[in-house]
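Please keep the structure in view while reading.

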Amino acid sequence: MNPQDLKTIMGSGLLSFPLTDFDAEGNFDKKGYIERLEWLAPYGASALFAAGGTGEFFSLTADEYPEIIKTAVDTCRGKVPIIAGAGGPTRFAIQCAQAAERAGAHGILLLPHYLTEAGQEGLAAHVEAVCKSVKFGVIVYNRGQAKLMPETLAKLAERNPNLIGFKDGIGDIELMSSIFLTMGDRFAYLGGLPTAEVYAAAYKALGTPVYSSAVFNFIPRTAMQFYEAVRDDDMATQHRLLKDFFMPYLAIRNKGQGYAVSIVKAGAKIVGHDAGPVRTPLTDLRADEYAALEALIAKLGPQ
């Protein structure tokens, strides 16, 4: 798949980030991961992001990463495209990007470099080094310490034809509007705030109708129902699901730092697709929080 093909895929539909399965000791559980991907693939996501943020990329070792991406590509071949997460310091991000390309992934989502602050010149050098290390498409993720400005993105896009997508995880409406108006159709755009459904209608109005859904990992039918309501401007369905599920869900998620991943793993376990525990420094939900989530999911009915 060439970069423009990936851009086309990014232009419509719902995307999601499968959990990475770990066993009780916290080791990669390949069998469980294959079963998860086989379960999720038929529900209709346009692409799946292997080893993304919800997939705990930040906890993976250099030895584990290639196997996880290859497993996703092999399992989903002919069913749904796989975009790999890549990130961290520049040389490690390049190592991941090249491993993903060798494994047959369709592109990468370039996750933040973490911790260290950097100016626009340094961020641009980081993104460009990764883009030039591979031939397939690169989607850049604005989040945390990686906050690229419109003029930086314009220069990067001019020098790197395979930089084809932009994902926003910051939620700065003024910045997002400026980026969209500056870049136009040069990029495909993806809403990527945690629990993106809450922001989906607003981002569609900004020219970003596509988003990534974490809850697709455990309520895929409802996730697709909500996406279709956004696509069709069905505000009644959106408001009903926001009121009945998403806002109570956020109340549980916001009880602990890092719960944006932990609550998804809890949800998967509740619906019979246990992905094992989260890796430290994340922590799993407490018993009372788990019970509250279980009751909330039960109201949605079978998935």
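**Helix packing, annotated residues and backbone geometry**

In this predicted model, helix α5 contributes Q120, A124, V127, E128 and K132 to a contact with T152, L156 and R159 of helix α6. Sorted by class, the residues of this contact are three nonpolar, two polar and three charged. Helix α5 covers residues 120-132 and helix α6 residues 150-159; their axes come within 10 Å and cross at roughly 25°. Angles under 35 degrees count as roughly parallel, and α5 and α6 are therefore roughly parallel to each other. The crossing of α5 past α6 is right-handed.

A second pair is formed by helix α2 (residues 30-40) and helix α3 (residues 64-76), whose axes also come within 10 Å but cross at roughly 40°. With this angle, α2 and α3 are therefore oblique to each other. Here too the crossing, of α2 past α3, is right-handed. On the α2 side the contact involves K30, Y33, I34, L37 and E38, and on the α3 side E67, I68, T71, A72, T75 and C76. The contact of α2 with α3 comprises six nonpolar, two polar and three charged residues.

From α10, the residues in contact are D244, F245, P248, Y249 and I252; from α12, they are E289, A292, L293, L296 and I297. Eight of the residues in the contact of α10 with α12 are nonpolar and two are charged, with no polar residue present.

Attention may now turn to the annotated positions. Which residues does the UniProt record list under "active site"? The entry, which is unreviewed, gives Y141 and K167. These two residues are spread over 27 residues of sequence, yet they cluster in space, the largest C-alpha distance being 4.7 Å. Both Y141 and K167 are included in the lining of the largest pocket. Y141 itself belongs to strand β5, which spans residues 137-142.

Two backbone features remain. Most residues other than glycine have a negative phi, and most peptide bonds are trans. Y114 is not a glycine, but its phi is positive, near 75°. Y114 is located in the loop that runs between β4 (107-110) and α5, and α5 is the helix that meets α6 through residues including Q120 and A124. The other feature is a cis peptide bond between T280 and P281, with omega about 15°.

Terms used. Residues are numbered from 1 along each chain as its sequence is written. This is a predicted model: local features need pLDDT of at least 70, side-chain atom pairs count only at pLDDT 80 or more; totals for chains, interfaces and linings use all residues. Side-chain values use heavy atoms; hydrogens and water are left out. Axes are lines fitted to C-alpha atoms, for helices over the stretch in contact, and angles run from 0 to 180 degrees between N-to-C directions. Helices (H or I, at least four residues) and strands (E, at least two) are DSSP runs, numbered from the N terminus. Angles under 35 degrees count as roughly parallel, over 145 as roughly antiparallel, 65 to 115 as roughly perpendicular and the rest as oblique. A crossing is left-handed if the near helix is turned anticlockwise from the far one by less than a right angle, and right-handed if clockwise. Contact means heavy atoms within 4.5 Å. Ala, Val, Leu, Ile, Met, Phe, Trp, Tyr, Cys and Pro count as nonpolar, Asp, Glu, Lys and Arg as charged, and the others, Gly among them, as polar. UniProt positions are given in the numbering used here, feature names are shortened, and annotations may be inferred rather than shown by experiment. On a 1 Å grid over the protein atoms alone, a cavity is a set of points where a 1.4 Å probe fits but cannot get out, and a pocket is an open set with protein on both sides within 12 Å along at least five of seven lines; lining residues have an atom within 4 Å of a point.
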